[in-house]
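Let's take a friendly walk through a protein model, one topic at a time. Have the sequence and the 3D view open as you read.

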Number of protein chains: 2
Amino acid sequence: MTNAPRSASSRPVHLDDVSKAIIEQLQVDGRRSYADIGKAVGLSEAAVRQRVQRLTESGVMQIVAVTDPMQLGFTRQAMIGIRAGGDTRELAERLAEIPELDYVVLTAGSFDLMAEVVCENDEELINLLNSRIRNLPGVHSTETFVYLKLQKQFYNWGTR
Amino acid sequence: MTNAPRSASSRPVHLDDVSKAIIEQLQVDGRRSYADIGKAVGLSEAAVRQRVQRLTESGVMQIVAVTDPMQLGFTRQAMIGIRAGGDTRELAERLAEIPELDYVVLTAGSFDLMAEVVCENDEELINLLNSRIRNLPGVHSTETFVYLKLQKQFYNWGTR
DNA sequence: AGTGAAACGACCGTAGA
DNA sequence: TCTACGGTCGTTTCACT
């Protein structure tokens, strides 16, 4: 249910321009054929396939389906800032188990954790906050930032 | 550069169990063959292909490459809460143009906007905050929440 | 790491229920 | 909206560089 934690290597992977170009192609269309990509980046089909395989196996890139919550009726989204005490790592694990939360991060600042929630309606959000977040051990207080408009969303980190 | 804003239809799309099953297959491997998916969900290759085409053309789903910023040397991430005045929609557009920001959202609450930043190092983050965010017209103050650990990240909204 | 070629399998268009 | 099928194109494997 939770996406596998990424194996953050101590040394960053260096991508050459060709691999970056391949990734850019796949960021537009993850099903584009290796032959087409090869034509675009100046490489044979087999070479493209090998690079894609290495990139996915090393965890640098993954080709997946991403869905739009709005179109599926999940029209309420919010960011929740959480002030907490005790071991916040344990709390983070508990939060990660909540399916309505698609994003959980431990932070430094006036919030110790932040989590993004995707809900169908306000009741679901209220219920989640009161019954399943605020009563978790260690939670001191929460602050909710309801989304009014999602302006930018970019899955394509690290290649800009 | 910025992902296209999603066309949020007024009425939510209803997916039957078969389409949900197809999406689940593609969330694991976006390049899985239609024939294989068909075997898994009990449909012919052509039927799967048509459904995938409809799902992608309607914007409910997209199959794309997603990369891991950590592995590519972008080791500093943070959420920035922004208090602002004036037309926050204009400000949101300006923020969306900043490549280091991968996520920009207008919110209700003690922050008017929130943005996620992906950087290579602290200097880049400091420079971004001071030289390119705090001096934007309308920005009153910002609050930065540096990421300590990304606990959960789920691209697969709406199908949980 | 890369190319090229041949066998295999996937994909696409069309026809029909 | 599904299945069936044939032509075309993509993918896989392998020998070679």
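## Where the two chains meet

How many salt bridges are there between chain A and chain B? The count in this predicted model is 0. Polar contacts tell another story: 39 residue pairs, both at pLDDT 80 or more, are in polar contact between chain A and chain B. The contact itself takes in 78 residues of chain A and 79 residues of chain B. Between them, about 7700 Å² of area is buried, and carbon and sulfur atoms give 54% of that area.

Which elements of chain A take part?

S5(A) is joined by 6 bridges to strand S3 of chain B, residues 101-108, and the two run antiparallel. You can find two of the facing residues yourself: Lys152(A) stands opposite Val104(B), and Tyr147(A) stands opposite Thr107(B).

One residue to look for is Gly81(A), whose bridge partner in S5(A) is Glu143(A).

Chain B can be read in the same way. Its strand S2, residues 76-84, is linked to S5(B) by 7 bridges, with the two strands running antiparallel. Within this pairing, Ala78(B) stands opposite Val146(B) of S5(B).

## Salt bridges elsewhere

Although the count between chain A and chain B is 0, the structure holds 14 salt bridges over all chains. Why can such pairs form at all? Side chains of opposite charge can pair when their charged atoms come close.

For an example, look at Lys39(A), which forms a salt bridge with Asp36(A); their closest N and O atoms are 3.8 Å apart. Both residues lie in helix H2 of chain A, residues 34-41, and they are 3 residues apart, or about one turn of the helix.

## A domain from the record

Finally, an unreviewed UniProt entry places the feature "domain: HTH asnC-type" at residues 15-75 of chain A. In the model, this stretch of chain A is 54% helix and 11% strand. The C-alpha atoms at the ends of the stretch are 38 Å apart.

Terms used
Residues numbered from 1 in each chain as written. Chains lettered and ligands numbered in written order. Predicted model: local features only at pLDDT ≥ 70, side-chain atom pairs only at ≥ 80, totals over all residues. Heavy atoms only, no water. Contact = heavy atoms within 4.5 Å. Buried area = accessible area lost by both parts, 1.4 Å probe. Salt bridge = Lys/Arg side-chain N within 4 Å of Asp/Glu carboxyl O. Polar contact = N/O pair within 3.5 Å; in protein donor to acceptor, adjacent residues only side chain to side chain. Pairing = 2+ DSSP bridges. Helix = DSSP H or I, 4+ residues; strand = E, 2+ residues; numbered from the N terminus. UniProt positions renumbered as here; feature names shortened; annotations may be inferred.
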